Amino acid sequence: MAKIEKGKVFSIGASIDYAEGSVVSKEVVHNAAGSVTLFSFDAGQGLSEHFAPFDALLSVVDGEMDLTVEGETHVVHTGESFVIPSGACHSVAARERFKMTITMIRG
């Protein structure tokens, strides 16, 4: 998949493919202020519990995800978003394929 070009219109969902049995990530923007990363998850994949040093905005662009934050599970659907507070323990699980963006702003 080609690198996302700055200054051009693009479709975020079409900018990453699904890979069988895998999680795929692609940086959209990364600089000293923070980052925006695009992910695709195949069904049954996920990210184990971890912490982020900054607030993280998750936005689902295709499908739905199970997001567990501090022991509470939330189902987030296409077009919906969730802010994970700084330092919160969280994990991600894919009952079905889904794509999401994560925006982290340092500060």
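This is a predicted model: local features need pLDDT of at least 70, side-chain atom pairs count only at pLDDT 80 or more; totals for chains, interfaces and linings use all residues.

Me: Why is Ser22 called partly exposed?

Reply: The relative accessible area of Ser22 is 26%, and since buried means under 20% and exposed means over 50%, with partly exposed in between, Ser22 is therefore partly exposed.

Me: What does Ser22 touch, leaving out residues up to four places away in sequence?

Reply: With those left out, Ser22 touches Ser40, Phe41, Asp42 and Gln45. For one of these, Phe41, the separation from Ser22 is 19 residues in sequence, while the C-alpha atoms of the two lie 6.3 Å apart in space.

Me: Why is Ser59 called buried?

Reply: Ser59, whose place is in strand 4, has a relative accessible area of 18%, and because the word buried applies under 20%, Ser59 counts as buried.

Me: What makes the pairing of the side chains of Ser59 and Ser81 a polar contact?

Reply: The two side chains are 2.8 Å apart, and a polar contact requires a pair of N or O atoms within 3.5 Å, one able to donate a hydrogen and the other to accept it, so the pair of Ser59 and Ser81 is listed as a polar contact. Not counting residues up to four places away in sequence, Ser59 touches Ser81 together with Glu80, Lys99, Met100 and Thr101.

Me: How do you know that the radius of gyration of the protein chain agrees with that of a compact globule?

Reply: For 107 residues a compact globule would have a radius of gyration near 13 Å, and the protein chain has 13 Å, so the two agree. Along its principal axes, the C-alpha trace spans about 40 × 35 × 20 Å, and buried residues make up 38% of the 107 residues.

Me: Which elements does the protein chain have, helices or strands, and how many?

Reply: The protein chain has zero helices and eight strands. Of its contacts with a separation of 6 or more, 59% are between residues 24 or more positions apart.

Me: How much space lies in the largest pocket, and which residues are the closest to its centre?

Reply: The largest pocket holds about 190 Å³ of space, and of the 16 residues that line this pocket, the closest to its centre are His50, Ala56, His90, Ile102 and Met104. The lining of the largest pocket divides into twelve nonpolar residues, four polar and no charged.

Terms used
Residues are numbered from 1 along each chain as its sequence is written. Side-chain values use heavy atoms; hydrogens and water are left out. On a 1 Å grid over the protein atoms alone, a cavity is a set of points where a 1.4 Å probe fits but cannot get out, and a pocket is an open set with protein on both sides within 12 Å along at least five of seven lines; lining residues have an atom within 4 Å of a point. Grid points are joined across faces, edges and corners, and a volume is the space filled by probe spheres set on the points. Ala, Val, Leu, Ile, Met, Phe, Trp, Tyr, Cys and Pro count as nonpolar, Asp, Glu, Lys and Arg as charged, and the others, Gly among them, as polar. Helices (H or I, at least four residues) and strands (E, at least two) are DSSP runs, numbered from the N terminus. Buried means under 20% relative accessible area, exposed over 50%, partly exposed in between (1.4 Å probe, protein chains only). Contact means heavy atoms within 4.5 Å. The radius of gyration is taken over C-alpha atoms; the globule rule is 2.2 Å times the number of residues to the power 0.38.
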